[in-house]
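Thanks for coming, everyone. Please have the sequence and the model open as I talk.

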Amino acid sequence: MTDRSAVDHGILFYPRGGSSLVVKYLTEHLRAAGRPARVFAGSLGTPRAYSHAMSFYDPAHLVVSDYSPAVAAHTTGRDPLQAPVPLHPSYEDRGDVPDRLFSAVSPRTTTHIEDYWTRQFAAHDAGTGGPLHLHHLTPQHAAASRLGRTVVTTLHGTELKFLDAAQRRMQLASAHGLTVAELGHRFQSDPRSVLSLIGQGDEAARRDAEQLLRDRWNNWTHAEFWTRG
């Protein structure tokens, strides 16, 4: 590898926030310095929309995954994460939206997303001319690992908050010898007994645990899967 080697960048999400701007400005800077820098990213919507990757990034150095058909599938009751080009999950629990929380995504669905990105990276030789710089912790990492790519990762604030929230729920479940899914199912079927169980600790801990249990607990069913090393 030389100081002029290519640096491909992968970001699972369509342009939607600060991390997309990081990718945009960083790749523009690298190209200005004489280093090839492509972006592998999701896209949503039509030209001139902020979420439209071809309008947001430099289209001459972009490999797009169009999530528009997946989002359209959601409106008809189908799973957008099982679409041929699967929509990304989210680090934020935002209610009834197509991109559900990572910890609500099953291992089987995750494998489907990983399979897609493995094909996408392989078809376009991502990371073969230099490192593959991946933004956020996402299924793109599994795809890069399958292909034996050299990976550099940038963590962003959203996944750090997600990991902290998942750890809190895992610790609560573990304190009672249960998985997150098991504690969630018990709470759904008999909330009084579960609240009585956790009420044996101090008052502050009880209030915190009660808030966690009432806060869309079913969306954290696969927390252990998404936080394992």
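The largest pocket has 17 residues in its lining. Nearest its centre lie Leu-137, Thr-138, Phe-225, Trp-226 and Arg-228. What counts as a pocket here? On a 1 Å grid over the protein atoms alone, it is an open set of points where a 1.4 Å probe fits, with protein on both sides within 12 Å along at least five of seven lines. A lining residue has an atom within 4 Å of a point. Why roll a probe at all? A probe the size of a water molecule, rolled over the atoms, shows where empty space is left.

The space in the largest pocket is about 390 Å³. That volume is the space filled by probe spheres set on the points, with grid points joined across faces, edges and corners. Which helices supply at least two lining residues each? They are H4 (107-123), H5 (140-146), H6 (157-174) and H10 (223-227).

A word on the source. This is a predicted model, where local features need pLDDT of at least 70, side-chain atom pairs count only at pLDDT 80 or more, and totals for chains, interfaces and linings use all residues. Residues are numbered from 1 along each chain as its sequence is written, and side-chain values use heavy atoms, with hydrogens and water left out.

Now the whole protein. It has 10 helices and five strands. These are DSSP runs numbered from the N terminus: helices are H or I with at least four residues, strands are E with at least two. The C-alpha atoms fill a box of roughly 65 × 40 × 30 Å along the principal axes. There are 229 residues, and 47% of them count as buried. Buried means under 20% relative accessible area, exposed means over 50%, and partly exposed is in between (1.4 Å probe, protein chains only).

Next, contacts, meaning heavy atoms within 4.5 Å. Take those with a separation of 6 or more: 61% join residues 24 or more positions apart.

And charge? The protein carries 24 positive and 23 negative side chains. Lys and Arg count as positive, Asp and Glu as negative; His and the chain ends are not counted. The centres of the two sets lie 3 Å apart, with each charge placed at NZ of Lys, CZ of Arg, CG of Asp or CD of Glu.

Is Gln-140 buried or exposed? Gln-140 sits in helix H5. Its relative accessible area is 0%, so it is buried. Leaving out residues up to four places away in sequence, Gln-140 touches Gly-10, Ile-11, Leu-12, Phe-40, Trp-117, Phe-121 and Leu-134. Gln-211 belongs to helix H9 (residues 203-214). Gln-211 has a relative accessible area of 51%, so it counts as exposed.

Now the loops. Most residues other than glycine have a negative phi. Arg-48 is not a glycine, yet its phi is positive, about 80°. Arg-48 lies between strand E2 (39-43) and helix H2 (53-56), and is exposed because its relative accessibility is 79%. Asp-125 also has a positive phi, about 55°. Asp-125 is in the loop between H4 and strand E4 (132-135). At 44% relative accessible area, Asp-125 is partly exposed.

Last stop: Thr-150, in the loop between H5 and strand E5 (151-154). Beyond residues up to four places away in sequence, Thr-150 touches Pro-131 and Leu-132.
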